[in-house]
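Please view the sequence and the structure below before reading on.

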Amino acid sequence: MAFVFIVVLTAVNLTSVKNFGEFEFWFALLKVAAIVGFLLVGAALLFGWLPGAQSPGLANFTGDGFAPSGFAGIATALFVVAFAFGGTEIVSVAAGETAEPARSVKKAVRTVLWRILVFYIGAIFVIAAVVPVGSAGLKSPFAAVLDAAGMPGAATAITLVAVAALLSALNANLYGASRMAFSLAERGEAPRLLAAVSKARVPVVAVLASVAFGVVTVVLELAFPEMVLPVLLNLVGSTCLLVWTSALLAQLALRLRSDREETELPLRMPGFPWLTSLGLVILAAIFTVGFIGEDSRPQLLSTFALVAVLAVGCWMNRRKRDARPPAESSNGDKQPVLID
């Protein structure tokens, strides 16, 4: 079944960005409707409005029921949380293929904050309030909440919605990975073949390469159960933190330069530079907490090591390109290869 889903979503991403957007629209609509329903049920349960269901109140947030492992447990969970929030930056990538990129990014960014507060934080609050630490229900927390509310049939429905959410994540990450590979290839920082596009301007080879990487990880997870996926989750989470840090540093430097040169920007972030600085301080605090946890520290160190290796590789590639004659190194003037 997993192979069928991969084939279908690969076909979607190989056709056009419009089809990707259509699938994401329906995926998002299903997820939003399900989460809104879940939050309403959770609120009714916590306030004691459901007949035959006992409200747990806020007992799980007091005593030993909240953060029983202290900062070490929080540090370990941070990278999984970062993995869950990773991908919000894809709105900027997708906006680049729209008719009005600046308008699309502005509209998306304005809605991200309240969506995170309502759908992510709200759902986690309900789960933490209803399902106690150590409960077997944490294996399927949404279903556990609905069972506690006396709605066992709805648990199956929310599980199906969770599957749709995973498919949405696969679709979005396949899109994002392929566009990143295409962008790197265009700048000469990845094999030129990844820049090949179809008549619909879809980076076909980059999409197929991204799918191939995903298939390999699935095979490795099947061959080594409970070993590959946890490592990837933590590694991706710590990588997201580094990506966000580099993005904030780049935004800080480029915004200062554009203000100094009085460059007109289509989209200006309010609260600059204090909001950017606050983001950097928060990320620094997360990294500090990450080094406290025994489980999270190896993930951070391995991520830093991997980034260092990639940085050295990029530096060597840049030196090699700079050493070439101008006629050979003018990669930016080349047009993407078209695939029929």
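The domain assignment of the protein chain gives domain 1 (1-223) and domain 2 (227-322); such bounds come from an automatic or database domain assignment. The model is predicted, so local features need pLDDT of at least 70 and side-chain atom pairs count only at pLDDT 80 or more, while totals for chains, interfaces and linings use all residues. Residues are numbered from 1 along each chain as its sequence is written, and side-chain values use heavy atoms, with hydrogens and water left out.

**Between the domains**

- The centres of domain 1 and domain 2, taken over C-alpha atoms, are separated by 21 Å.
- Their contact (heavy atoms within 4.5 Å) takes 21 residues from domain 1 and 24 residues from domain 2.
- Domain 1 and domain 2 bury about 1900 Å² between them, with 74% of it on carbon and sulfur atoms; buried area is the accessible area (1.4 Å probe) that two parts lose on being put together, summed over both.

**Salt bridge**

- The rule finds 1 salt bridge across the interface of domain 1 and domain 2; the term denotes a side-chain nitrogen of Lys or Arg within 4 Å of a carboxyl oxygen of Asp or Glu.
- Arg-318 forms a salt bridge with Glu-189, and the closest N and O atoms are 3.5 Å apart.

**Contact of two helices**

- Phe-287, Gly-290, Phe-291 and Ile-292 in helix 10 meet Ser-296, Arg-297, Leu-300, Leu-301 and Phe-304 in helix 11; helices are DSSP runs (H or I, at least four residues), numbered from the N terminus.
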